[in-house]
Amino acid sequence: MSYQVLARKWRPRTFHELVGQTHVQRALVNALDQGRLHHAYLFTGTRGVGKTTLARILAKCLNCTANGRGDEGITSTPCGWCDSCQAIDDGRFVDLIEVDAASRTKVEDTRELLDNVQYAPTQGRYKVYLIDEVHMLSTSSFNALLKTLEEPPPHVKFLLATTDPQKLPPTVLSRCLQFTLKHMPPERVVEHLTYVLGEEGVAFDESALWLLGKAAEGSMRDAMSLTDQAIAFGQGAVRHADVAAMLGTLDHRHILALAEALADVDVQRLLAEVAQLAEQGPDFAAVLDELSSMLHRLAVAQMVPDAVDNSHGDRDVILQLASRFTAEDIQLYYQIGIQGRGDMVHAPDLRSALEMTLLRMLAFRPQGVPKPPRTQLPLRREPSETGAPSETVAPSEAVANEANASVQVADTASSPPEPLPEVKSAPEAEAESSSVSSGLEISNSQVASQSSVPVAQEASSYQEESPAQEPPPWAVESEMTTPEREAAEADVAQQTPELATASEAPASPEPTAPLTPEPADTPAPVSVPVETPAVTATTGKLDNAQWLQCFDSLGLGGLTRNLAGNCLVESDDGALLTLRLDPSQEAMQAEVHQTRIERALKEQGMPRRIAFYVAELASHLETPRQREDRLNQERHANAVDLLNHDPHVQKLQQAFGATLIESSVKPADEMR
C-alpha cells in the first residue's frame, strides 16, 4: 500500500483502539453505559495524542443508530457501519459541526455559529459542536459562548479540544468536564509502531523505531507521520541508518562510546571518539547535552535501577554501564558537563570546548570519597586497589604528609643539642602546669619559661600516653608586653637568678623551686621518654582494648581515621577483623578506606582483612573517637580548674573584674 495513507488507515475508530489513554476511555465508557452524560467536554493534551479523534469517537457514540434511534441507542461501542457512523468517519455528518478556533477567533464568527444552536438536529440524535484549539478564541468570543454553556439546549453537546487549557477563562473551565490525555512515552510509541508495521508487512529495525519514538516527542500522530516518511525514504523498509539520516539526529552509539571511555578513564579513546564525531559535523553542544542526559540516567540506574528511562531502548546497556562508575564520578561528571555547557559560548570553538569539558571530568575525578549507603549497583574499584604495590594517596593527605615532614626536618635542623631535662613525677608536673594559653592575658614569668615540649613528648604525639606519666597538657604562652609584665619579670629575675637562667633553655620544664647548678664533672641527667604502647607483630586475636592501644600508631588520617575511630572490635579470628560501625557513620564506608586500614594493620605486624558490621555500639565499650573526646574534655576541665586557682588570674579578676573565657582554653598541641 502507499505510505501516505498509513496514518489514515490506522486512525482509531473506537475507544478500545485508542492508544495510551485508558484513563479517559474508562471514564467515558462508564458514563455512556450508565447514561450520565454532560453537556460539555474539554479534552487537553499535547499535539497528536488523540484529542480530536477522541471527540469524533464520542460523537459516533452519541449518534450511532445500530441499537435504535432513541436515547436507548446511545452506546460506548459504535458499530461503525450505520449511516451516522459512516458519515462521521467520512466527515459529512450534518449534525457534527467542527470549528477551528484558530481561524475563527472573532466574536462575529462565534455568534454566527451559535445562532443555530436552538434548532434540533437534522440527521442524528445530538447536534455536536467540536471546537478545536478553543484557547485561541478571543475574550468576546468566550463571553458569547459562555451563555450557551450555562444553559444549553438538551439536544446539544460541546466537545472542546486545546493544547493550552491555562488560557481558557475559569468560567468556561468550571462548566466543562475536563480530560487530560497523556504524553506518549517512547516505549508506547515503539510498541504501537511495531504492531502497525508488522500488520503492514514492512521490514524494520527496532533501533530505528526507537529513533522515531524519541523524535515524536510524545505525539503518536507525529510518530505515524515520521514512519510514513521513513518508509518512503528507505524504499519500503525502516532501517536505522536511513532513519538517522532522515532525522539528522546524533547517533546514540557515539554517546555510549564516550561514556565507556570515561568509565575506563581512557583519554586517548575519548579524544579519538570526538575526532570521529567531528568528521560528521555534529552540533557539539548537542553532544554534551546528550552526554549529560546519559549521566543522569546512569545516576538513576545506580540508585533506582527500575526507574531508568528507556527512551532509547538501551536499558540493559545503561544498567551494565552504571556498574562501571562510582557514584562520585557520575555526580562530578554531570556537574562539570552542565558547567561546560554554559562555558561553550566563551570557547574559541565548540569542539575544543567539548574536549576540555571531557578532559576536565577525568582531571578532577574524586579519590577516596565515600559511596552512598544504599547504592544498588556495585561500584568500580579505584585503580590503586587492583594489586599495585603502592597506593595513590589522596591529594589532601599527600600535602599534609609533606607539610609534617618539612616541619620535622626543620625542627631537627634548627634545634642545637642540649641536655635533656629531668623527668618529674606526674603530681609535680601537674602542679607546675598552672598556666594555659587563653583569651585572658596573664603576667607570669615562671610560666613563660615553659615554651617548648620535650623531644620525647613530640616523638610520641600521635601515640597513646599512659595516665600515670601524661605530660602537662597545657603549654603556656604569655604574650604580655605591658610595663607590668616587664616589671614582674625583672622582679622575679632579681629574686631567683637561677630560675631566670633556667628559663632561657627552650626545653626545660618549669621548676617549683630555684634550681641549683650542678658541678661540671657531674653527668647531665638523662630524660626517660614517656612510655607509649608499642605495637608488635602478633598472630593472636585483637580485642577492643588492643584496638584502642594500637589505633594512634596506625597513622590513619582524614576520612579513613574518622571511619575507623567510630568502630569497636566485633570479632577477630586472626585473618578477618570485624569492626562494629556506628550507624551514624554508615555513609562513610568505602573500599578505599577499608584498604588503607588493612595496609596500616599489616605494617604494624597484624595482617587482617577488614569487614564492617553496622549496629548500635555497646555502651560499656569505647571507640577511639569516644576515648579521644573523653580525654580532651578531662584535659580541658583540668586546665580550667588550674586557671581558676592561678594567683595571677585571681589577681586580675579582683583588680579588673576579668572573666575567664573557658571556651578559649586550648591545649598546646592544638595551638602549634
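Trp-547 is buried, with a relative accessible area of 0%, where buried means under 20%, exposed over 50% and partly exposed in between, using a 1.4 Å probe and protein chains only. Phe-551 is buried too, at a relative accessible area of 3%. The model in which these residues sit is a predicted one: local features need pLDDT of at least 70, side-chain atom pairs count only at pLDDT 80 or more, and totals for chains, interfaces and linings use all residues. Residues are numbered from 1 along each chain as its sequence is written, and side-chain values use heavy atoms, with hydrogens and water left out.

A pair of aromatic rings is described by the distance of the centres and the angle of the planes. Rings of Phe, Tyr and Trp (its six-membered ring) pair if their centres lie within 6.5 Å; planes under 30 degrees apart count as stacked, over 60 as edge-to-face and the rest as tilted. By this rule there are five aromatic pairs. The ring centres of Trp-547 and Phe-551 are 5.7 Å apart and their planes stand at 65°, so this pair is edge-to-face. Elsewhere, ring pairs link Tyr-41, Phe-43 and Phe-179 into a cluster.

Next comes the sheet. Helices (H or I, at least four residues) and strands (E, at least two) are DSSP runs numbered from the N terminus, and two strands pair if DSSP finds at least two bridges between them. Five strands form an open sheet with parallel pairing, in the order S2-S3-S4-S1-S5. Strands S2 (96–100) and S5 (177–180) stand at the edges with a single partner strand each, so one side of each is left without a neighbour in the sheet. On average, neighbouring strands of this sheet are turned by 15° against each other, direction ignored; axes are lines fitted to C-alpha atoms, for helices over the stretch in contact, and angles run from 0 to 180 degrees between N-to-C directions. Helix H2 (residues 22–34) packs on the sheet, touching strand S1 (40–44) and S5, with contact meaning heavy atoms within 4.5 Å. The direction of H2 makes about 150° with that of S5.

Finally, the cysteines. The structure holds zero disulfides, a disulfide being a pair of cysteine sulfur atoms within 2.5 Å. For Cys-64, the nearest cysteine sulfur is that of Cys-79, 3.6 Å away. Cys-64 counts as buried at 1% relative accessibility. For Cys-82, the nearest cysteine sulfur belongs to Cys-85, 3.3 Å away, and Cys-82 is buried with a relative accessible area of 5%.
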